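Here is a short report on one helix and on the aromatic pairs of this model. Look at the sequence and the structure first.

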Amino acid sequence: MADRKINPGMAGDTPMADLTRRRVLKTSGVMTLMAVVPLLSHCSGSGGRDGHGTGAATPPARFLDEHQLNTLRALVDRLIPEDMDPGAVTACCAEAIDHLLAAFQSNPPFIYAGAPFSDRGGAARNDFLEFVPLDEYEELAWRLAIEGSQGLPEREFNGPVKGMQQIYVDGLARLDARAVEQGFSSFAQMPAPQRDLIIGDGSDGLVQEMMDIAFPDTLDAMYGPPEYGGNCALVGWSFTNFDGDVQPRGYTAEQVVNGDNPGPFDPFLPPSFGAESADPASVRAATGTAPQDIVMPSTLSVASSEIMAAAMMNADGSISRLMASLRPMAQQRVATLSSRVWQEVTRA
């Protein structure tokens with residue numbers, strides 16, 4: 001849980017008002033939901049930074065200025081919006097991204113939290129609070145990723161590299177410029193639907209360049225350990241009922257052997273989850289409700305976990321490529337289930 005990856009895509013609103021992210025995450029998995037929600041929107045123990053409220057982990061100096069940070073908050077708010085559950089703003093995702101951009105203003109760099117345990121699973125102390133030094137190869141790789149090559153010969157052995165810092169600065173400025181073009185003072189002042197149109201504009205290279213890292217960065221901050229600056233008060237783990245890091249306490253033999261109880265939406269899950277057929281009879285048997293009366297969560301379970309993993313690997317961190325590969329599967333899944341429901345309705 002304490003590791004970060006060097007290769008750090010867009011989630012829109014939940015497509016059904018009364019289907020909360022908590023319910024979907026419990027049936028479909030975090031990564032399936034976060035990868036599929038954006039394409040559907042276009043198709044249709046405790047809190048604190050240190051995990052226990054003391055604020056003991058010291059974040060690096062900020063990289064973004066206050067205006068840029070407000071723009072970033074307005075962006076992450078559309079990636080994981082606030083609904084019945086907390087969103088990216090409440091989880092301090094913008095602040096966590098800012099900490100990452102300023103990672104090398106701290107010594108050791110604000111990159112890898114320590115090990116082996118936090119104090120959330122019974123350990124006497126929180127090792128995650130002590131960030132570890134990087135070796136020379138790790139430092140070079142991370143400086144390239146965050147700061148870019150900056151014209152330095154020792155960093156341009158494979159050519160120039162635009163770092164995350166410049167990508168965010170250029171992208172956030174572009175969001176504001178697009179807002180001004182539409183008569184608003186800033187991107188943060190725009191209504192949510194108009195913000196969605198801008199960040200979903202695939203023809204805007206600067207915006208999409210930023211989106212390809214802002215999406216995974218926001219997910220990391222929302223659902224990662226709070227020592228990295230996000231998941232404030234553990235809100236990302238709380239509403240998903242995720243236990244977080246439980247070592248060294250771990251799980252009992254009973255908890256390992258007996259999994260979670262079946263959920264009412266299990267018939268809608270893909271075959272790799274061991275689900276039953278999603279025919280109307282199984283839906284009625286599982287939920288006691290006719291399919292036409294159910295908000296269909298199946299549209300969020302587009303692919304098996306194996307297909308989803310392959311699609312994410314092939315996308316190589318690009319949300320635009322991930323969306324393009326999953327959209328045909330989403331459309332087919334929606335069409336198939338809609339047909340089944342319509343057949344049941346017409347027979348009723």
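Which residues do ring pairs link into a cluster? They are Phe 110, Phe 131 and Tyr 228. The model is a predicted one.

**Aromatic pairs**

The structure holds five aromatic pairs. Two of them are set out here.

| Pair | Distance of ring centres | Angle of planes | Class |
|---|---|---|---|
| Phe 110 and Phe 131 | 4.4 Å | 10 degrees | stacked |
| Tyr 223 and Phe 239 | 6.3 Å | 50 degrees | tilted |

Phe 110 and Phe 131 both lie in the loop between H4 and H5, 21 residues apart. Both are buried.

Tyr 223 and Phe 239 are 16 residues apart, and their pair links distant parts of the chain. Tyr 223 belongs to helix H8 (residues 205-223). Phe 239 is in the loop between helix H9 (235-238) and helix H10 (253-257). Tyr 223 has a relative accessible area of 12%, so it counts as buried. Phe 239 is buried too, with a relative accessible area of 2%.

**Helix H5**

H5 covers residues 136-147, 12 residues in total. From first C-alpha to last it reaches 15 Å, close to the expected 16 Å. At its start, a side-chain oxygen of Asp 135 comes to within 3.0 Å of the backbone nitrogen of Tyr 137. After the helix comes Gly 148, with a positive phi near 80 degrees.

Trp 142, Leu 144, Ala 145, Ile 146 and Glu 147 are buried in H5. Their cover includes helix H4 (93-101) and helix H6 (164-181).

One charge also meets a ring: the charged end of Arg 143 sits over Phe 104, 4.1 Å from the ring centre.

Definitions and conventions:
Residues numbered from 1 in each chain as written. Predicted model: local features only at pLDDT ≥ 70, side-chain atom pairs only at ≥ 80, totals over all residues. Heavy atoms only, no water. Helix = DSSP H or I, 4+ residues; strand = E, 2+ residues; numbered from the N terminus. Expected span 1.5 Å × (residues − 1). Buried < 20%, exposed > 50% of the residue type's maximum accessible area, 1.4 Å probe, protein only. Contact = heavy atoms within 4.5 Å. Polar contact = N/O pair within 3.5 Å; in protein donor to acceptor, adjacent residues only side chain to side chain. Phe/Tyr/Trp six-rings, centres within 6.5 Å; stacked < 30°, edge-to-face > 60°. Lys NZ or Arg CZ within 6 Å of the ring centre and 35° of its normal.
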